[in-house]
Amino acid sequence: MPLSQQTIDTVKATIPVLQEHGLAITSRMYDVLFEKYPQTRALFSGAPEDQPKILAAAVAAYAGNIDNLDALKDAVERMAAAHVRTNVKSEHYPMVGDAILTAMQDVLGDAATPEILEAWKEAYFFLADVLIKREEELYASSEAD
Ligand code: HEM
């Protein structure tokens, strides 16, 4: 199912907010993730210190290209490769989704309206589906080797 125009418009309208608070949101995201889902911590054992910055940039790039996903093809390939290398699986995506939405609420407060949170939830799981499908292909082809 493609994203609705309303979701696309709402996500795009949050770009300035993300530019201002993106790093605070992704830093908070990791705190929430590791507290609520401690089993995810080990996946990041080799991650660079600026991983929140990397994720903030990825989220901002996604928001900017949400109506032009072809522009994200190379980024999707890099993310999928990093996820397969670190053994990220489909069951981890709802955990990160929950942590991202909680972090948006914590950092943005009342500015995170129900409309914004709903739009981001849809947008997150849309990208998650793209990544999960690509990662499944990569896992399957490495098993076939
Ligand atoms: C839509 C959701 C997600 C986005 C946009 C995203 C984004 C990214 C990006 C941009 C990178 C860096 C890729 C590179 O090295 O070039 C990355 C790496 C990584 N991500 Fe994700 N990610 C997502 C979901 C997840 C989930 C669900 C997990 C598991 C809890 C996860 C765990 C990791 C790990 C472990 C790395 C590698 C860190 C390292 O370099 O060792 N990600 N992700």
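A residue counts as near a molecule or strand if one of its heavy atoms lies within 4 Å of it. On that criterion, 21 residues surround the ligand, and the closest are Leu 43, Phe 44, His 83, Thr 86 and Val 96. This is a predicted model, in which local features need pLDDT of at least 70 and side-chain atom pairs count only at pLDDT 80 or more, while totals for chains, interfaces and linings use all residues. Residues are numbered from 1 along each chain as its sequence is written, and side-chain values use heavy atoms, with hydrogens and water left out.

**Ligand site**

The iron atom of the ligand has a single donor from the protein, NE2 of His 83, at 2.1 Å. Donors are N, O and S atoms within 2.8 Å of the metal (3.2 Å for Na, K and Ca); water is not among the atoms, so sites may look incomplete. His 83 belongs to helix H4 (residues 73-85); helices (H or I, at least four residues) and strands (E, at least two) are DSSP runs numbered from the N terminus. A polar side-chain atom of His 83 also lies 2.9 Å from a nitrogen atom of the ligand. In the side chain of Arg 85, an N or O atom is 3.4 Å from an oxygen atom of the ligand.

**Helix packing**

Axes are lines fitted to C-alpha atoms, for helices over the stretch in contact, and angles run from 0 to 180 degrees between N-to-C directions.

| Helix pair | Axis distance | Angle |
|---|---|---|
| H3 (residues 51-64) and H6 (residues 114-144) | within 12 Å | roughly 100° |
| H1 (residues 5-13) and H6 | 9 Å | about 110° |

H1 is therefore roughly perpendicular to H6, a term for angles of 65 to 115 degrees. Contact (heavy atoms within 4.5 Å) joins Gln 6, Thr 7, Thr 10 and Val 11 of H1 to H6 residues Glu 115, Ile 116, Ala 119, Trp 120, Glu 122 and Ala 123. By class, this H1 contact with H6 has 5 nonpolar, 3 polar and 2 charged residues.

H3 and H6 are likewise roughly perpendicular to each other. Val 59, Tyr 62 and Ala 63 of H3 meet Trp 120, Ala 123, Phe 126 and Leu 127 of H6.

How values were computed
Parallel < 35°, antiparallel > 145°, perpendicular 65-115°, else oblique. Polar contact = N/O pair within 3.5 Å; in protein donor to acceptor, adjacent residues only side chain to side chain. Nonpolar A, V, L, I, M, F, W, Y, C, P; charged D, E, K, R; others polar.
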